[in-house]
Amino acid sequence: MKRIAPAAAVLIALPPGTALAHSSLEGIGSFPNGLLHPALEPAHALCLVACGLLAAHQPARAMPRLFLAAVISLAIGLLLAAFDIQAWDALIGIWGGTFVLGALVAATADRPYPGVALLIGVACLSLGLDSQIGDAPIVERLVFAFGVWMGAALIIVNLALACRRVDSRPLVRIGFRVLGSWIAAAAAMMLAFSLKTSGV
């Protein structure tokens, strides 16, 4: 332990590297970068967790419709982003959608809500609009967008199905509601910050 402490102190003292927008990883290619992007971007990851949690607590017959709304909206947003078409401030849409989705999970985890497909669709559309790799050729942008689409869809579907399996336990339901309240609180703070910085 005594040998590790000086090495750790040196590593902490080193200057930070270049910060890359949207947690982009150099040298791994557009598709793997896009695939990892939803998990590495905090705003996107939180939004996808909120989508998955709320989808898990809807009736089983509604889940295919919710998944379809998510993947179609996400694809539309990603295509708009790839061609530099901005419909609105995507980050405000992400934080607003995450706040509403988290608040619904926190309010009651086992009650079906009307309009959930629309809410998930708007959040995923905003997420797609916010997923860009900057000045890159259009083919590279589209490959990146396809990776983001795959990664985000995998997160939502797998999280929703996994949560649904353990949802019957009372303590787990309480945990989901607590997690929903944390997500809503974090999203509310970031939404207020985004609104202030955007001058709205």
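**Figure 1. The protein chain holds eight helices and zero strands.** From the N terminus on, its elements simply read α-α-α-α-α-α-α-α. Helices (H or I, at least four residues) and strands (E, at least two) are DSSP runs, numbered from the N terminus. This is a predicted model, in which local features need pLDDT of at least 70 and side-chain atom pairs count only at pLDDT 80 or more, while totals for chains, interfaces and linings use all residues. Residues are numbered from 1 along each chain as its sequence is written, and side-chain values use heavy atoms, with hydrogens and water left out. Of the 200 residues in the protein chain, 40% are buried (under 20% relative accessible area, with exposed meaning over 50% and partly exposed in between; 1.4 Å probe, protein chains only). Take the contacts (heavy atoms within 4.5 Å) with a separation of 6 or more: 82% of them in the protein chain join residues 24 or more positions apart.

**Figure 2. Helix H3 is mostly covered.** H3 takes in residues 42–56, and its 15 residues reach 21 Å from first C-alpha to last, close to the 21 Å expected at 1.5 Å a residue (the expected span is 1.5 Å times one less than the number of residues). Eleven of the 15 are buried, among them His 44, Cys 47, Cys 51 and Gly 52. What covers these buried residues includes helix H2 (30–40), H4, helix H5 (90–107), helix H6 (116–129), H7 and helix H8 (170–198).

**Figure 3. H3 passes H8 in a left-handed crossing.** A crossing gets that label if the near helix is turned anticlockwise from the far one by less than a right angle, and is right-handed if clockwise. The two axes come within 11 Å and cross at roughly 145°; axes are lines fitted to C-alpha atoms, for helices over the stretch in contact, and angles run from 0 to 180 degrees between N-to-C directions. On the H3 side look for Leu 46, Val 49, Ala 50 and Leu 53, which meet Phe 176, Leu 179, Ile 183 and Ala 186 in H8. Sorted by class, this contact has eight nonpolar, no polar and no charged residues. Ala, Val, Leu, Ile, Met, Phe, Trp, Tyr, Cys and Pro count as nonpolar, Asp, Glu, Lys and Arg as charged, and the others, Gly among them, as polar.

**Figure 4. H4 packs against H7.** Here H4 (residues 63–82) and H7 (residues 138–166) sit with their axes 10 Å apart, at an angle of about 160°. That makes the pair roughly antiparallel (angles over 145 degrees; under 35 is roughly parallel, 65 to 115 roughly perpendicular and the rest oblique). Their crossing is right-handed. The contact residues split into 20 nonpolar, no polar and two charged.

**Figure 5. H5 packs against H6.** The axes of H5 and H6 are 8 Å apart and the angle is about 150°, so H5 is roughly antiparallel to H6. H5 passes H6 in a left-handed crossing. From H5 come Ala 90, Gly 93, Ile 94, Gly 97, Val 100, Leu 101 and Leu 104; H6 brings Leu 119, Ile 120, Ala 123, Ser 126, Leu 127 and Leu 129. That contact counts ten nonpolar, three polar and no charged residues.

**Figure 6. Arg 65 lies in helix H4.** Arg 65 is exposed, with a relative accessible area of 53%. Arg 65 and Val 116 are 51 residues apart in sequence, yet 9.8 Å apart in space, C-alpha to C-alpha.
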